[in-house]
Amino acid sequence: MPAKSVSGPAASGGKFKTGASSKRIQSRSSKAGLQFPVGRVHRYLKLQTKTATRVGAKAAVYTAAVLEYLVAEVLELAGNAARDLKSKRISPRHLQLAIRGDDELDLLVKATIAGGGVIPHIHKQLMEKGKKNAAQQSK
């Protein structure tokens with residue numbers, strides 16, 4: 001009788017790949033080149049639909065990309081505000097100054113930011129009144 005060759009999944013074929021031919025698992029976020037989790041966004045999108053409508057895979061990628069862009073924009077502006085105030089950390093005050101200082105973000109974010117304070121603003125009529133009083137007192 002001839003000797004039997006070793007058979008099974010490790011010998012040839014099967015689902016156990018060996019060597020460089022094995023594929024590396026890649027997340028949808030890394031495929032799209034994003035930092036935000038595409039899978040989690042897709043899960044939340046499916047949970048938020050009212051009826052049994054389907055949510056496409058591209059919708060999650062697009063939504064994650066938009067969210068990542070908005071966060072990057074806000075963090076850049078808040079970082080600039082923190083640098084202007086000579087601080088190394090971004091605080092809620094810096095977020096407030098960044099969002100309220102940008103016209104488009106101000107329209108988008110209607111929420112009150114806890115610990116953000118108020119935007120420094122003096123009405124121009126009050127400034128003119130002060131100038132008039134100073135001019136009258138100097139005469």
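Modeller: Start with Lys86, which lies in the loop between α3 and α4. Helices here are DSSP runs of H or I with at least four residues, strands are runs of E with at least two, and both are numbered from the N terminus. This is a predicted model, where local features need pLDDT of at least 70 and side-chain atom pairs count only at pLDDT 80 or more, while totals for chains, interfaces and linings use all residues. Residues are numbered from 1 along each chain as its sequence is written, and side-chain values use heavy atoms, with hydrogens and water left out.

Biologist: Why is Lys86 called exposed?

Modeller: Its relative accessible area is 77%. Buried means under 20%, exposed means over 50%, and partly exposed is in between, with a 1.4 Å probe and protein chains only. At 77%, Lys86 is therefore exposed.

Biologist: And what is phi doing at Lys86?

Modeller: Phi is near 60° there, a positive value in a residue other than glycine. Most residues other than glycine have a negative phi.

Biologist: How do you know that the length of α3 agrees with a helix?

Modeller: Helix α3 covers residues 57-84. The expected span is 1.5 Å times one less than the number of residues. For the 28 residues of α3 that should give 40 Å, and the end C-alpha atoms are 41 Å apart, so the two agree.

Biologist: Which residues of α3 are buried?

Modeller: Ala60, Ala64, Glu68, Val74, Ala78, Ala81 and Ala82. Their cover includes α2 (38-48), α4 (92-101) and α5 (103-108). As for spacing, an α-helix has 3.6 residues a turn, so residues three or four places apart point the same way.

Biologist: What makes a group of residues the largest nonpolar core?

Modeller: A nonpolar core is a set of buried Ala, Val, Leu, Ile, Met, Phe, Trp, Tyr and Cys residues joined through side-chain atoms within 4.5 Å. The largest one has 5 residues in all: Leu34, Val38, Val41, Ala60 and Ala64. The elements that give two or more residues to this core are α2 and α3.

Biologist: Which residues does Val41 touch?

Modeller: Leaving out residues up to four places away in sequence, Val41 touches Ala60, Thr63 and Ala64. Contact means heavy atoms within 4.5 Å.

Biologist: Why do Val71, Leu75 and Ile90 get called a patch?

Modeller: Patches are made of residues with over 30% relative accessible area and no salt bridge; like charges are joined within 9 Å, and nonpolar side chains (Val, Leu, Ile, Met, Phe, Trp, Tyr) within 5 Å. Val71 has 35% and Ile90 has 39%, so those two values pass the area cut-off. Together with Leu75 they form a nonpolar surface patch of about 230 Å² accessible area, by the Shrake-Rupley method with a 1.4 Å probe, where for residues only the protein chains shown count as cover.

Biologist: Where is Ile90, and what does it contact?

Modeller: Ile90 lies in the loop between α3 and α4. Leaving aside neighbours within four places in sequence, Ile90 is in contact with Leu75, Ala78, Gly79, Ala82 and Leu95. Ile90 and Leu75 are 15 residues apart in sequence but 8.4 Å apart in space, C-alpha to C-alpha.

Biologist: How do you know that Arg100 and Asp106 meet in a salt bridge?

Modeller: A salt bridge is a side-chain nitrogen of Lys or Arg within 4 Å of a carboxyl oxygen of Asp or Glu. This pair is at 3.0 Å, N to O, so it qualifies. A search of the whole structure finds 1 salt bridge. Arg100 is partly exposed at 21%, as is Asp106 at 31%.

Biologist: Which residues of α4 are buried?

Modeller: His94, Gln96, Ala98 and Ile99, and they pack against α3 and α5.

Biologist: How many helices and strands does the protein have?

Modeller: It has 6 helices and 0 strands. Buried residues make up 14% of its 139 residues.
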